[in-house]
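These are my notebook entries on one protein model. I set down what I looked up, entry by entry.

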Amino acid sequence: MHSFHYQNNQLACESVRLQDLAESYGTPLYVYSSHTVTDHFRRLDRALGELAHEICYAVKANSNLAVLRLLAAQGSGFDIVSGGELYRVMQAGGDPGKCTFAGVGKTQDEIAYALHSGIYSFNVESESELRTIDNVARTMDRKAPVALRINPDVDPHTHHYISTGKSENKFGISIDRIMEAYDLAASLPGLEIRGLQMHIGSQITEAEPFAQAVAKVLPLAEALKRRFPLEFISIGGGIGIVYRGSLESGDAVWWHEGEARHALTIEQYVQAIAPPLRRLNLRVLLEPGRFLVGNAGVLLTRVLYIKRALEKTFVIVDAGMNDLIRPALYDGYHEIVPVCRQPGAGTEVVDVVGPVCESGDFFAQSREVAQVAEGDLLALMSAGAYGFSMASTYNSRPLPAEVLVSGAEHRLIRRRQNYADLIAAELEAEEVEA
Ligand code: LLP
């Protein structure tokens, strides 16, 4: 469940009307519900119950300091993929001792920074990376805690750009080579083996792939436990959310290729993974990103023009693919709803597009949406994950502002960029040069 709903035909986030926010802060504007974030964290935590676990929020989904602070206050750990994300986590007061560092391309500087900060574990993706971490650790006279990322070769049935646990993907080490990699890790004096890790993909809407991956990795985890003092197994992130029909009341429904089925509930997810993991008796780390923040955010945009072309009607809005790239990159579906609903208004089949000079700059194509007029406000739903964090200034468009709502309160958590921000680093470079 999330905290966006209509009150007297006005879309609100918790108790704040989105129209008021658009008027105060301008558009395009990201708005997040703090209640949704904390509620989703608590629900997952509660569903995991007695299982010894640690939720390490995947920072890449939404790395705003205020969001990180909210989660740190809930006791969350963090899954990071760069030195920059570690910096953000620490600036937000997060505990580096609860951070795992993933990613196939960690640089020596990032490794040294993470070691110096005292992170919990490096999730290592190749033999070469093991050697590099070992080198850096020995130069620093430290031991680096490591886990190896196993590629279980399971099909998560998701978009191929966000599927990671199949043998054709660049991620992890295949099951048949993993023991050798652990032997190598054990032979390197700068390393301390702490766990094992996997992550099969993102926006997974069935429990089955998770269960399959756990079942596949379990015998290996048992074997490793007998040889090394393992502390944890990380099962990654990937829990899918509802992108369609998220505003409807009752049990949310996930539509897939025209066929209705229920979304993956958190209880189903836990049921699929918890019983075998309990038997394994290791600490279980989870790395959810989208599940915690996806439905907690919307992108507000204003209709600039309505252009009636020969074959299509284009609703041109002031947000673009640079603000929210998911539709362009993954064919991602975001529900588009009016901020002020007109009772009795009809619908129209339109393309909702942005101002960026690319044909890929669309939010919906040939979609039936509520009839809108120039100047109206629209909300792109479920934009809390991989929205702002993937935004760019392409076409020299300043990054949008972000606002956090809590009950009846709202505050700016990132000011809108201005034109001077766009060129500041270039002017600085010229000054250094002069
Ligand atoms: N752990 C690892 C190692 C990951 O690579 C990811 C996401 C996560 C955890 C978190 O996954 P989540 O729970 O959010 O599914 N930009 C794409 C999604 C990319 C996911 C990348 N890795 C999108 O907008 O759909």
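**Entry 1: E127**

I located E127 in helix α6, residues 127–139. Helices are DSSP runs of H or I of at least four residues, strands are runs of E of at least two, and both are numbered from the N terminus. The model is predicted: local features need pLDDT of at least 70, side-chain atom pairs count only at pLDDT 80 or more, and totals for chains, interfaces and linings use all residues. Residues are numbered from 1 along each chain as its sequence is written, and side-chain values use heavy atoms, with hydrogens and water left out.

Setting aside neighbours within four places in sequence, I found E127 in contact with I173, R177, A181 and L184; contact means heavy atoms within 4.5 Å.

**Entry 2: residues with positive phi**

I noted that D141, which is not a glycine, has a positive phi near 60°. D141 lies in the loop between α6 and β9 (144–151). Its relative accessible area is 73%, so D141 is exposed.

S382 is also not a glycine, and its phi is positive at about 55°. I placed S382 in the loop between β21 (377–380) and β22 (401–406). S382 counts as buried because its relative accessibility is 2%.

**Entry 3: a cis peptide bond**

I recorded a cis peptide bond from T27 to P28, with omega near -10°. P28 sits in the loop between α1 (18–25) and β4 (29–33).

**Entry 4: an open sheet**

I followed three strands that form an open antiparallel sheet in the order β1-β2-β3. At its edges are β1 (4–7) and β3 (16–17), each pairing on one side only; two strands pair if DSSP finds at least two bridges between them. Between β1 and β2 (residues 10–13), which run antiparallel, I noted four bridges. F4 stands opposite C13 in β2.

**Entry 5: the whole chain**

I listed twelve helices and 23 strands in the protein chain. Its C-alpha trace spans about 70 × 65 × 40 Å along the principal axes. Of the 434 residues, 55% are buried. Among contacts with a separation of 6 or more, 69% join residues 24 or more positions apart.

Notes. Buried means under 20% relative accessible area, exposed over 50%, partly exposed in between (1.4 Å probe, protein chains only).
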